[in-house]
Amino acid sequence: MPSPHARGAGTPDALDARILELLLEQPRTSVREYARILGVARGTLQARLERMERDGLIRDEGPRLSFAALGHPVLAFVHIEVTQGHLVDVGDALAEIPEIIEAFSVTGGGDLLTRVVARDNGHLEDVIQRLIRLPGVVRTRTDVALRERVPYRARPLVESLRRSADRAG
């Protein structure tokens, strides 16, 4: 089954976009309060939220943590080249390494792109050595992040989608 994004289910209408904006602005507010602010029935809002969760627009991942505050201030992006036929096995093995906080299959200079956090550069090297020893890993290439220039954000895109939905109808 294609992802919700591939089939277009992720395109919000104007009310969906307003709901998403409000969720981003006030993530700890109750459904009842969201409905009051938006001027819609609680049942309408709840149905919209459930549909957006089912369609994959809203993912319940919990709070965004600061890995630096958790003692892992080093952030690196590790590109991993994998032997043909081993992508699934390597992906499964990556899930067992706690310092890997994200991993993606990619095109370009490697097969996987991982986001890795570490306590310091020595710890990062230990994690990379662990990656290199995984069966199916051919080589790695590491880019260390120096400073975050644009933090994770969704609001500008949601605002843009709302403006488009408002213009469309």
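View 1. Asp 143 is partly exposed, at a relative accessible area of 33%. Here buried means under 20% relative accessible area, exposed over 50%, and partly exposed in between (1.4 Å probe, protein chains only). Arg 141 is also partly exposed, at 43% relative accessibility. Arg 141 and Asp 143 form a salt bridge, with the closest N and O atoms 3.0 Å apart. A salt bridge is a side-chain nitrogen of Lys or Arg within 4 Å of a carboxyl oxygen of Asp or Glu. The model is predicted: local features need pLDDT of at least 70, side-chain atom pairs count only at pLDDT 80 or more, and totals for chains, interfaces and linings use all residues. Residues are numbered from 1 along each chain as its sequence is written, and side-chain values use heavy atoms, with hydrogens and water left out.

**View 2. Helix H3, residues 42–54.** Helices are DSSP runs (H or I, at least four residues), numbered from the N terminus. At 1.5 Å a residue, the 13 residues of H3 should span 18 Å, and the end C-alpha atoms are 18 Å apart, which agrees. The expected span is 1.5 Å times one less than the number of residues. Leu 45, Arg 48, Leu 49 and Met 52 are buried in H3. They cover an arc of only 100° around the axis, so they sit on the same side of H3. The arc is taken from the directions from the helix axis to the C-beta atoms. Cover for the buried residues of H3 includes helix H1 (14–25) and helix H2 (31–38); contact means heavy atoms within 4.5 Å. Gly 56 follows H3 and has a positive phi, near 90°.

**View 3. Asp 13 and Arg 48.** This pair forms a salt bridge, its closest N and O atoms 2.8 Å apart. Asp 13 lies in the segment before H1 and Arg 48 in helix H3, so the pair ties together parts that are 35 residues apart in sequence. Asp 13 is partly exposed, with a relative accessible area of 33%. A network of salt bridges links Asp 13, Asp 16, Arg 48, Arg 51 and Asp 55.

**View 4. Glu 21 and Arg 162.** Their side chains meet in a salt bridge (2.6 Å, N to O). The pair links distant parts of the chain: Glu 21 belongs to helix H1 and Arg 162 to helix H6 (residues 155–168), 141 residues apart. Glu 21 is buried, at a relative accessible area of 8%. Across the whole structure, a search finds twelve salt bridges.

Notes
Helix = DSSP H or I, 4+ residues; strand = E, 2+ residues; numbered from the N terminus.
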